[in-house]
Each structure stands twice: as structure tokens, then as C-alpha cells.
Amino acid sequence: MRTAITNIGAVLSGDWRDPFLDADTVVTADGLIESLGADNLDSCDVVIDAGGATVAPGLIDSHVHVAFGDFTPRQNTIGYLESYLHGGTTTVLSAGEVHIPGRPQDVAGVKALAVAAHKCFENFRPGGMRVHAGSLLLEPGLEPDDFAAVRADGVWLTKAGFGAVDSAKDYVELVAMAKEAGLVTTLHTGGCSIPGTFPVTGEDVLDINPDISFHINGGPVAIEDRYYDMIAQTQMGMQVCAAGNLRTGILAAEAAHRHDAFDRLLIGTDTPTGSGIMPLGMLYTIIHMAAVSDLDVTDLIGAATGNVAQLFGLNNGLIAPGRDADLIVIDAPLGGTKHTALDAMKNGDMVAVGAVITDGVPRFVGRSRNTPPTTRQVQVARSSVLREF
Ligand SMILES: [Zn+2]
């Protein structure tokens, strides 16, 4: 399938260092971005007229507690992932299937859970969303052979922070073994999220040294302020989450800038949790952080797209030929005081999502179920596909 978006007012690259592309058209073919230019429009199956709105890479939420299917037992909600897609999130990464009722804590159980979740979501795309599931929950008793076995079955994510370990220090060895096996290691950071867990302090984060400090701004309770500069000077990814502390999220982003570590800043939601289902969580986090600080909206969009792709080795998150065709059309919300998507976001307003395309396929065009309507009209200009968008 070939899809084009034409008449684009601004194209955001997803790269915070070089955020604007000089183009007004994006053409996709067979799930990949083919070109930035208006050649070959005649051979497109679908042409979307953006009406002068802004196009950005789809947002990548690097912290979602998926279970199986488009259902979360944590808030007994169905269809939430498809709802997130209407908030501009086109990819989610599992932060561990911790909400499965009766979640096993033994070695065989956590391995089986990660492999099953990984394989199920390889065949299932809620609303068209990409879901990278199966994050091995680190538990005492896991040995190097276990990590190698799940890796061989396709699992590439691990999560430390919910296990039956005695203290956070027990994760030092488990994280080292997981890294050795080639898994991306992620660590709960900050106070307890729910009764029955234990806090992970800034000192613990430095000792455990995961690839990524998850919800570094607290999930939902933050570490001491002084650790943000210290962690920014390591090689760790620093993930700021919607379900955390806004003030320390901004501290983390500012520390990342100070230490030339902004490439490693990520935005996620850490939902569904006690904080609930947040279809607009990615957008709210970008907007809230930008509106009450000196941070640029384009930097924060980069932290929700290109940076995530880079850190996790994904082929989306950037608009460039050969990248996965996961795109969103955003605009100033109807009735607002600002005239572009970026100005509206800096103003603190929720932005309008006018269309979402994943894998080169339009998932909806015209209006999101969850955001305000666009100011400009985003519409299907031509389609030869027997489907409505
Ligand atoms: Zn979480």
C-alpha cells in the first residue's frame, strides 16, 4: 500500500537536534517512508490532505504495563491501547507484564510470561499500534542460561523493581547478567508505587546501573534532586513519566541538557497504574513540561520519538526514507489562541490529533476520539481502498 500526506505546514523529524524537515509531502510504501516529495502521487492508494497542519513521527511510549490483548486488569479496562493511538501514541514498549492476575514469581513462570507476551503481541496490533511486549521480570534464581533462553525466544526487554528480592541491591547481579545476555535492562526508580514493594534510591540506581532508569522523575515518588545531575553523567537512559513528578521531570530534562545527555532523555507514561489510563498521557507530559519551563517543545517531542528509537534500537521515531511509516498529523486545537501545533503546546494547550498512520496504513483521518478537533481540515483527498478512515 502507498500512502501520501500532502499540503503539510511543517514536518518534524523526531530528531531534537535538527527538528524541522524541509518538505510538505511524505510518501510511504509497504510500511516504510519512501520519500519526502510530491513525485509519484498518482500511484498512491490513499492521499491525505493535511491542510497545512504539522506532521510528526508517531509517539513511542516506552513505559506501558501491557497484559494480554487490549485489556488491562489494573483498571479493568478494555480498548485502552487503541485509545492511546488516538492520543498520537503509535508504539508502546512493555515495562513488564506486572498486572497479570496471579503473576508468577518463580523462574519458569517469569520466563514463560515474557515469552508468551512477546509472541502474542507480535501477532496483535490494537488499532494498528506496535506493541513490544514481554519484558522479563527479574526474580531471584534467574541464571545466565535463563537469560540466554528467553533471548533466543525473542525477548529483549527486562524490568527490575517488582521482584521477590530482599533489597534493591540484589538487582546489581541480576541486571549485570541480563545485560551480558544482550537484554535491554530497565529499573523502577524512586519510592514505592504500590504497597508491598520497596523504594529504589538514587544511590541504588547508580549501583545497579541499568540501561534505562525508568520513571526517573518518580513512579510516582521521586528520588533526591541531587541525583539528576549524577545520573545524567552516566550512560543511562533517563525516562520521564506522566505518572510521576512534574517538577523532577523538568529537573531531569534540564540536567540532561547540562551534561550533553539529552539524547538519552525519554518520555513515557507508566500507565496503566494507580494513575490510571491516560490516552493523552504522552502529549500531556510533553505539553506540561514545555509550558512551565524553558524546554523546547521540539526537544520533548524528540524525547518521545527519535530518542526512544535510538535507545531501544527501533526503526521508527524519525521521519526519513527507510524508516517505519508511523506518522501523526497534529494541529492547533479549534478554539485555541495559538495557530500552530507547536505554539499551542508551548502555551499549555492540548494539541489536536488529526490523523494517525501506522505501518503506512491510515488508522483514522479527520478527528481523534480523544483530542480537540483540528483548526485546519485534515481529510482524505483521494482513496482507492475499500475502507473508510
Ligand atoms: Zn511502571
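This is a predicted model: local features need pLDDT of at least 70, side-chain atom pairs count only at pLDDT 80 or more; totals for chains, interfaces and linings use all residues.
Figure 1. With a relative accessible area of 1%, Met-236 is buried, and, leaving aside residues up to four places away in sequence, Met-236 touches Val-205, Leu-206, Asn-209, Pro-210, Asp-211, Ser-213, Ile-231 and Arg-264. Ala-261 is 25 residues from Met-236 in sequence, while the C-alpha atoms of Met-236 and Ala-261 are 9.1 Å apart in space.

**Figure 2. The open sheet of 6 strands that contains S16 and S17.** The strands of this open sheet follow the order S13-S14-S15-S16-S17-S18, and their pairing is parallel. Strand S13 (135–137) and strand S18 (265–268) form the edges, each pairing on one side only, and neighbouring strands are turned against each other by 30 degrees on average, with direction ignored. Within the sheet, strand S16 (residues 212–214) and strand S17 (residues 237–241) pair in the parallel sense over 2 bridges, where Ile-212 has Gly-237 of S17 as its bridge partner. Helix H7 (residues 246–258) packs on the sheet and touches S17 and S18, with a direction at about 150 degrees to that of S17. Helix H8 (residues 281–291) also packs on the sheet, touching S17 and S18, and its direction makes about 130 degrees with that of S18.

Figure 3. S8 and strand S11 (residues 89–94) are paired in the parallel sense over 4 bridges, and in S11 the bridge partner of Leu-59 is Thr-89.

Figure 4. Strand S1 (residues 2–6) runs parallel to S6 and is joined to S6 by 4 bridges, with Ala-4 standing opposite Val-47. The pairing of S6 with strand S22 (residues 379–383) is antiparallel and also extends over 4 bridges, and Arg-382 of S22 is the bridge partner of Val-47.

**Figure 5. The crossing of helices H2 and H3.** The axes of helix H2 (residues 107–122) and helix H3 (residues 144–152) come within 10 Å of each other and cross at roughly 20 degrees; because angles under 35 degrees count as roughly parallel, H2 and H3 are therefore described as roughly parallel to each other. The crossing of H2 and H3 is right-handed, and the contact is made by Val-107, Lys-111 and Val-115 of H2 together with Asp-146, Ala-149 and Val-150 of H3. Divided by residue class, the contact of H2 with H3 comprises 4 nonpolar and 2 charged residues, with no polar ones.

Conventions:
Residues are numbered from 1 along each chain as its sequence is written. Side-chain values use heavy atoms; hydrogens and water are left out. Axes are lines fitted to C-alpha atoms, for helices over the stretch in contact, and angles run from 0 to 180 degrees between N-to-C directions. Angles under 35 degrees count as roughly parallel, over 145 as roughly antiparallel, 65 to 115 as roughly perpendicular and the rest as oblique. A crossing is left-handed if the near helix is turned anticlockwise from the far one by less than a right angle, and right-handed if clockwise. Contact means heavy atoms within 4.5 Å. Ala, Val, Leu, Ile, Met, Phe, Trp, Tyr, Cys and Pro count as nonpolar, Asp, Glu, Lys and Arg as charged, and the others, Gly among them, as polar. Two strands pair if DSSP finds at least two bridges between them. Buried means under 20% relative accessible area, exposed over 50%, partly exposed in between (1.4 Å probe, protein chains only).
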